[in-house]
Amino acid sequence: MLIHWVADFICQSRWMAENKSSNLGALSAHVGTYTAVLGICCLPLLGIMPGIAFALANGVLHFVVDFTTSRITSYFYKRQNMHAFFVTVGFDQYLHFVCLWVTFFYFYAF
């Protein structure tokens, strides 16, 4: 989760954050950065091929989740419904958490 936080928040530029809901280039840049950071950090923990597989699977899932949730958060933000905005941000993080755990157990627990 620490690696996820670094990759998803610290390494996300303001441009990515503000534009990923309406610009596939910004979303792709965010997901590419996320996937690269996740992969680099997971290589020593999981090994080369498992780390790459884990990072790529989570990159695809991250794209799908953010494609949806960024549009919802943008909708609420523009309407100044900050409660719904933050509820959606929290749910977005929950979905990422589930994706990380499911892929980890899929690739490594069986």
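This passage describes the fold, the surface and one chain end of a predicted protein model. Residues are numbered from 1 along each chain as its sequence is written. In this predicted model, local features need pLDDT of at least 70 and side-chain atom pairs count only at pLDDT 80 or more, while totals for chains, interfaces and linings use all residues, and side-chain values use heavy atoms, with hydrogens and water left out.

The protein has five helices and zero strands, where helices (H or I, at least four residues) and strands (E, at least two) are DSSP runs numbered from the N terminus. The radius of gyration, taken over C-alpha atoms, is 14 Å, close to the 13 Å that the globule rule gives for 110 residues, so the protein is as compact as a globular protein of that length. That rule is 2.2 Å times the number of residues to the power 0.38. Along the principal axes, the C-alpha atoms fill a box of roughly 45 × 25 × 20 Å.

Contacts (heavy atoms within 4.5 Å) show how the chain comes together. Among those between residues at least 6 apart in sequence, 65% join residues at least 24 apart. Met1 lies in the segment before α1 (2-10), and touches Phe97 and Leu100, not counting residues up to four places away in sequence. The C-alpha atoms of Met1 and His96 are separated by 9.4 Å, although these residues are 95 residues apart along the chain.
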